[in-house]
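Open the structure in your viewer and keep the sequence beside it. This tour says what to select at each stop and what is there.

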Amino acid sequence: MATPTLVRGARASRSTITLKILMAGSGALFILYVLLHMYGNLKAFAGHDAFNEYAEHLRELGEPLLPYSGFLWLFRALLIIALVVHVVSAVVLWKRAQAARPVKYEVNKYKHSSLSSRTMRWGGVTILLFLVWHLLNFTIGKVNPTGGATTDPYNLMVDTFGLWWMTLIYLVAMLALGMHLHHGTFSAAQTLGWTSTAAARTRARALGWVLAVVVAGGFSLVPLFTLFGVID
């Protein structure tokens, strides 16, 4: 006969698996989003008009079925929900891990862990803080750190990344994003049961590195080339 303790343990185990699946699913949505966003950012290399036309086209998506900017707001709402799910799941899982291991390891617990896994929590906090500033800078409120106009998306971008310290902040955030993607991709694959063999684990780690380099590197191109005057 099953005891109440075993029932509670089984429920906790199922809940933990559910939280990990939610993290994997919301993380996959964010990967899709950052890839699309990176593509849009690279339009800056095509010049002022191409970049602004792309930004305007996003606001016109779904018309006339949706109002102007309607699609963008729906997508933003979906991303906010995914963000809440991702962050809450991460916090709950971390608290459970801490509660299950109240006594710290006597040996070096970092011996077999990667740098990306060790920085996962603080990297996530860094990305979250940067996201708030990024939205204030380019979307909500549109803050121009140079004190200039904010009505032109391309010029706002050039003004922002023309400042070395803004580019530095952006690059630090991209480093955190790359590390997060590297470990997060492997963790998601593990949660979904795609790492059952040594070859599968190798592929999952390789995919994590590819996503990290492509996304973090792709996003870093525009601020760097703006700072050095190629994009002006």
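**Whole chain**

Start with everything selected. This is a predicted model. Colour by pLDDT. The mean for the protein chain is 87, and 89% of its residues reach 70 or more. Helix α4, residues 115–118, has the lowest mean pLDDT, 72. Helix α6, residues 153–161, has the highest, 96.

Now switch to cartoon. The chain holds 8 helices and 0 strands. Read from the N terminus, the order is α-α-α-α-α-α-α-α. Of the 232 residues, 30% count as buried. Take the contacts between residues at least 6 apart in sequence: 68% of them join residues at least 24 apart.

**Helices α5 and α7**

Select residues 120–138 for α5 and 164–191 for α7. Their axes lie 9 Å apart, and the helices pack at an angle of about 135 degrees. So α5 is oblique to α7. The crossing of α5 past α7 is left-handed.

Show the side chains at this contact. On the α5 side, pick Met120, Gly123, Gly124, Thr126, Ile127, Phe130, Trp133, His134 and Asn137. On the α7 side, pick Met166, Ile169, Tyr170, Ala173, Met174, Ala176, Leu177, His180, His183 and Gly184. Colour by class: the contact of α5 with α7 has 11 nonpolar residues, 8 polar and no charged.

**Histidine 134**

Stay in α5 and centre on histidine 134. Is histidine 134 buried or exposed? Its relative accessible area is 14%, under the 20% cut-off, so histidine 134 is buried. Set aside neighbours within four places in sequence, and histidine 134 is in contact with His37, Thr139 and Tyr170. Draw a C-alpha to C-alpha distance from histidine 134 to tyrosine 170: the two are 9.0 Å apart in space and 36 residues apart in sequence.

**Helices α6 and α8**

In α6, select Met157, Val158 and Phe161; they meet Val222, Pro223, Thr226 and Leu227 in α8. By class, the contact of α6 with α8 has 6 nonpolar residues, 1 polar and no charged.

**Threonine 195**

Move to the loop between α7 and α8 and select threonine 195. Its relative accessibility is 9%, so threonine 195 counts as buried. Which residues does threonine 195 contact, leaving aside neighbours within four places in sequence? Display Phe186, Ala189, Gln190, Ala200, Arg201 and Ala204.

**The loop between α2 and α3**

Finish between α2 (48–60) and α3 (70–100), where proline 64 is found. Check the backbone here. Most peptide bonds are trans, and most residues other than glycine have a negative phi. The bond from glutamate 63 to proline 64 is cis, with omega near 5 degrees.

Then select serine 69, in the loop between α2 and α3. What is the phi of serine 69? The value is near 70 degrees, positive in a residue other than glycine. Serine 69 is also buried, with a relative accessible area of 12%.

Definitions and conventions: Residues numbered from 1 in each chain as written. Predicted model: local features only at pLDDT ≥ 70, side-chain atom pairs only at ≥ 80, totals over all residues. Heavy atoms only, no water. pLDDT = per-residue confidence, 0-100. Helix = DSSP H or I, 4+ residues; strand = E, 2+ residues; numbered from the N terminus. Axes fitted to C-alpha atoms, helices over the stretch in contact; angles between N-to-C directions. Parallel < 35°, antiparallel > 145°, perpendicular 65-115°, else oblique. Left-handed = near helix turned anticlockwise from the far one by under 90°. Contact = heavy atoms within 4.5 Å. Nonpolar A, V, L, I, M, F, W, Y, C, P; charged D, E, K, R; others polar. Buried < 20%, exposed > 50% of the residue type's maximum accessible area, 1.4 Å probe, protein only.
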